[in-house]
Amino acid sequence: MRLRLITLIITAAAIWTPSMAEHYKPHISVGGHAGATMSMMAFTPSIKQSFNQGITMGASFTYAEERHVGLRAELNLVQRGWKENYEELPFEYSRKLTYITMPVMTHIFFGGRKMKCVFNLGPEVSYMIGESISSNFDYTNPSAVDGFPSSRRTEQLAMEVKNKFDYGITAGVGGEYIMNQKHSIQLEVRYYFGIGNVFPSKRTDTFHGSRCMNLSMTLGYKFRLK
């Protein structure tokens, strides 16, 4: 009886082990994504501002060795910045900061064969490659502009960026639709908070903090290599 039981256990283990090994074969995918961004700056002292719209696009590499956990790395072009909020006054000012970014994130996914929920979380490094300013008044000399509020902080309008290198934390949530074994599409909403300061931040400087904040929504395509 014992021999038959041992034989049965060994046989079941022999069948179960290969199936488990097959289930946990590493998955390697590459893809691309594009979408829109909404950005602000975390200024200290604060200024009145609103979201500044921009674009984002990039390429991704995903490696998943476990059933629900993997690693995702990206190389992106992202527009950040801010838009001044003058409320009822007829003034407009916005500033876009364009970055090359590289997030490396823990990739968590679960769900059925066709639909999966996706979470991405990890550090991100960035380097600013360009900037642009849009304004309907002379932001280099706002005190000479008729009707411009004298109590408004204006140093940031023409201030030069000191730190082109940025780093922070990013986190995203989304869904993935698997069309077949090789192809899938993914929709994701992601938030980024910078830790580094864009402008000078010594005690004697105007701003003690000037950190990027960015909310993005992207639609992506993923091709499974393995």
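**Entry 1: the second largest pocket**

I began with the lining of the second largest pocket, which divides by class into four nonpolar, two polar and five charged residues. My classes are these: Ala, Val, Leu, Ile, Met, Phe, Trp, Tyr, Cys and Pro count as nonpolar, Asp, Glu, Lys and Arg as charged, and the others, Gly among them, as polar. The lining is made of Ile47, Lys48, Asn85, Tyr86, Glu87, Glu88, Leu89, Pro149, Ser151, Arg152 and Arg153. The volume of this second largest pocket is about 180 Å³.

A note on the model: it is a predicted one, so local features need pLDDT of at least 70 and side-chain atom pairs count only at pLDDT 80 or more, while totals for chains, interfaces and linings use all residues. Residues are numbered from 1 along each chain as its sequence is written, and side-chain values use heavy atoms, with hydrogens and water left out.

For pockets and cavities I used a 1 Å grid over the protein atoms alone. A cavity is a set of points where a 1.4 Å probe fits but cannot get out, a pocket is an open set with protein on both sides within 12 Å along at least five of seven lines, and lining residues have an atom within 4 Å of a point. Grid points are joined across faces, edges and corners, and a volume is the space filled by probe spheres set on the points.

**Entry 2: the largest pocket**

Next I looked up the largest pocket, with a volume of about 860 Å³. I find 31 residues in its lining, and His27, Phe109, Lys116, Ile178 and Arg224 lie nearest the centre. Two or more lining residues come from each of helix 1 (2-23), strand 1 (27-44), strand 3 (52-64), strand 5 (93-111), strand 7 (165-178), strand 8 (183-194) and strand 9 (209-224). Helices (H or I, at least four residues) and strands (E, at least two) are DSSP runs, numbered from the N terminus. Which element gives the largest share of this lining? Strand 5 does, with four residues. By class, I noted seven nonpolar, twelve polar and twelve charged residues in the lining of the largest pocket.

**Entry 3: the cavities**

How many cavities of 30 Å³ or more does the structure hold? I count two of them.

The largest cavity has a volume of about 160 Å³. Its lining has 17 residues, with Thr56, Asn76, Val78, Arg190 and Ser216 nearest the centre. Strand 1, strand 4 (69-84), strand 8 and strand 9 each give at least two residues to this lining. The classes here are three nonpolar, nine polar and five charged.

The second largest cavity holds about 110 Å³ of space. It is lined by 14 residues, and His33, Arg72, Gln186, Gly220 and Tyr221 lie nearest its centre. The elements giving two or more residues to this lining are strand 1, strand 4, strand 8 and strand 9. I wrote down one nonpolar, seven polar and six charged residues for the second largest cavity.

**Entry 4: Ser216**

Ser216 is part of strand 9. Is Ser216 buried or exposed? Ser216 counts as buried because its relative accessibility is 11%; buried means under 20% relative accessible area, exposed over 50%, and partly exposed in between (1.4 Å probe, protein chains only). Leaving aside residues up to four places away in sequence, Ser216 touches Ala36, Thr37, Thr56, Glu188, Val189 and Arg190, where a contact means heavy atoms within 4.5 Å.

**Entry 5: strand pairing**

I then followed the strands, calling two of them paired if DSSP finds at least two bridges between them. Strand 1 pairs antiparallel with strand 3 over 13 bridges, and Thr37 stands opposite Gly54 there. Strand 1 also pairs antiparallel with strand 9, over 16 bridges, with Ala34 opposite Leu219.

Strand 4 and strand 5 are antiparallel too, with 13 bridges; Asn76 has Thr101 of strand 5 as its bridge partner. Strand 5 is joined to strand 6 (residues 115-135) by 17 antiparallel bridges, and Pro103 has Glu124 of strand 6 as its bridge partner. Three residues lie between strand 5 and strand 6 in the hairpin that they form.

**Entry 6: cysteines**

Last, I searched the whole structure for disulfides and found zero; the cut-off is a pair of cysteine sulfur atoms within 2.5 Å. Cys117 counts as partly exposed because its relative accessibility is 38%. Cys212, at 1% relative accessibility, counts as buried.
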